[in-house]
Amino acid sequence: MHHDGLAGSNPKWQVILKDGLESQPWPGPLKSIASKLADGTPLSVEDGLALYQHPSLHDVGRLANEVRLARFGRRTFFNANVHVNQTNVCVLACKFCAFRRGPKSKDAYAMSIEAYIEDVGKYAAHVDEVHSVGGLHPDWDVEHYVSMFEGVRANHPSLSIKALTAVEIKHLGQLSNITTKAVLQRLKEAGLTSLPGGGAEILDDDVRANICNGKESSEEYLRIHKEAHEVGLPSNCTMLFGTVETLKQRLEHMVSLRTLQASTLGFQCFVPYPYLPDASRLPEAQLATAAEVVRTIAVSRLMLNNIPHIKAYRMNIGDHVAELALQYGADDIDGTVQKESIMHLAGSTAPLDHDRNKLARLIEDAGGEPVQRNTTYTHFTPYTPVQVPKRTSLPMAS
Ligand code: SF4
């Protein structure tokens with residue numbers, strides 16, 4: 001699979017970045033970081049800690065925004081997708097998960113292939129991607145998903161299928177008694193376009209033993225994504241922060257992803273999202289304030305110099321924080337989600353009914369230029385929202 005690793009970035013972004021960074025002053029502790037960024041030197045975990053500890057969040061955000069501007073200017077990407085979660089039945093019980101149910105639970109569900117395709121069909125005229133992740137169903141093996149994806153492809157050939165996280169791939173391999181690479185190959189042939197990247201949580205096995213015991217190990221997550229890239233499936237990668245991890249573990253997580261990316265260039269987008277605590281699950285989870293969310297987005301942009309896109313996941317962080325994130329290093333915002341349940345159940349209050357126009361207006365309000373993209377970031381269409389009435393901000397420094 002050939003990747004240029006740009007995914008819509010300006011091919012001269014490193015030169016533009018160097019000029020941008022060198023044309024303005026940076027406060028003491030950020031000076032050496034700015035010069036590493038200007039030279040294209042990857043930041044170390046210690047640099048990352050300095051960014052987390054720097055007293056001015058705005059300076060850190062400004063640095064991240066320089067990188068984003070060099071790569072994409074003010075272009076801000078979204079796609080028109082729908083989330084259909086095929087089942088909430090799961091053989092695991094991760095501590096932080098509000099979605100999963102045991103097979104005998106009253107509100108357990110598992111959509112038949114026909115019901116799934118019918119559901120996708122309701123949205124097919126309005127979206128170009130279906131995004132499907134779910135629980136680890138005890139009886140659904142790789143052939144079940146082959147039929148599901150072939151069904152989508154036969155009935156809705158214009159849709160891309162972004163589906164299944166690494167742990168789902170691992171589970172299918174175990175049920176079907178084949179390697180994870182063979183699972184990926186088989187699903188690609190059936191129509192799978194890319195992997196969404198969920199389930200990375202924090203790539204540290206001590207943290208995982210606490211919050212998602214039984215899920216894939218850090219090494220397995222990375223190996224499955226590497227295999228996906230090798231068979232020609234691009235993927236996203238994620239980070240669930242604000243559970244029980246340290247700042248150093250967050251940064252080491254980013255470095256692990258960056259190291260894999262250096263050999264495959266198969267990651268397209270990094271999606272950091274905070275844990276949304278509620279009364280019943282993981283009471284020991286730490287607080288991730290809005291300031292910490294945008295700082296983490298900025299730090300990811302700066303650490304992940306070889307992953308082109310950083311996503312603001314508005315279903316999880318809400319529209320206001322997402323808007324701010326777009327000025328702190330994020331360049332991509334989750335698409336026109338019309339149906340979603342995982343984040344909603346975990347306590348998110350973001351409205352579910354944003355259509356494309358509302359999303360594009362949000363991007364414009366944050367100073368961006370909305371661009372609709374396809375799943376694999378190979379096709380881009382500028383999108384002009386209807387602003388009624390057009391809103392302007394009062395004159396103040398941003
Ligand atoms: S996070 Fe995924 S694997 Fe873990 S319990 Fe929830 S659905 Fe199952």
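Select Phe241 in this predicted model and display its surroundings: beyond residues up to four places away in sequence, Phe241 touches Arg250, Pro272, Pro274, Tyr275, Ala288 and Thr296. Phe241 itself belongs to strand E5, residues 235-241. Is this residue buried or exposed? With 22 other C-beta atoms within 10 Å, Phe241 counts as buried, because the threshold for burial is 20 or more.

Now move to helix H4, residues 57-72. Colour the buried residues of H4, among them Val60, Leu63, Val67 and Phe72, together with the charged Glu66, Arg68 and Arg71. The elements that cover the buried residues of H4 include helix H1 (13-22), H2, H3, strand E1 (75-78) and helix H12 (290-303). Step just past the end of H4 to Gly73, where phi is positive, at about 60°.

Finally, select two of those covering elements, H2 (residues 28-39) and H3 (residues 45-53). Their axes are 10 Å apart and meet at an angle of about 130°, which makes H2 oblique to H3. The crossing of the two helices is left-handed. Which residues make the contact? H2 contributes Pro29, Ile33 and Lys36, and H3 contributes Asp47, Ala50 and Leu51. Sorted by class, the contact of H2 with H3 comprises four nonpolar residues, two charged residues and no polar ones.

Definitions and conventions. Residues numbered from 1 in each chain as written. Predicted model: local features only at pLDDT ≥ 70, side-chain atom pairs only at ≥ 80, totals over all residues. Axes fitted to C-alpha atoms, helices over the stretch in contact; angles between N-to-C directions. Helix = DSSP H or I, 4+ residues; strand = E, 2+ residues; numbered from the N terminus. Parallel < 35°, antiparallel > 145°, perpendicular 65-115°, else oblique. Left-handed = near helix turned anticlockwise from the far one by under 90°. Contact = placed C-beta atoms within 7 Å. Expected span 1.5 Å × (residues − 1). Buried ≥ 20, exposed ≤ 12 C-beta atoms within 10 Å, placed from the backbone.
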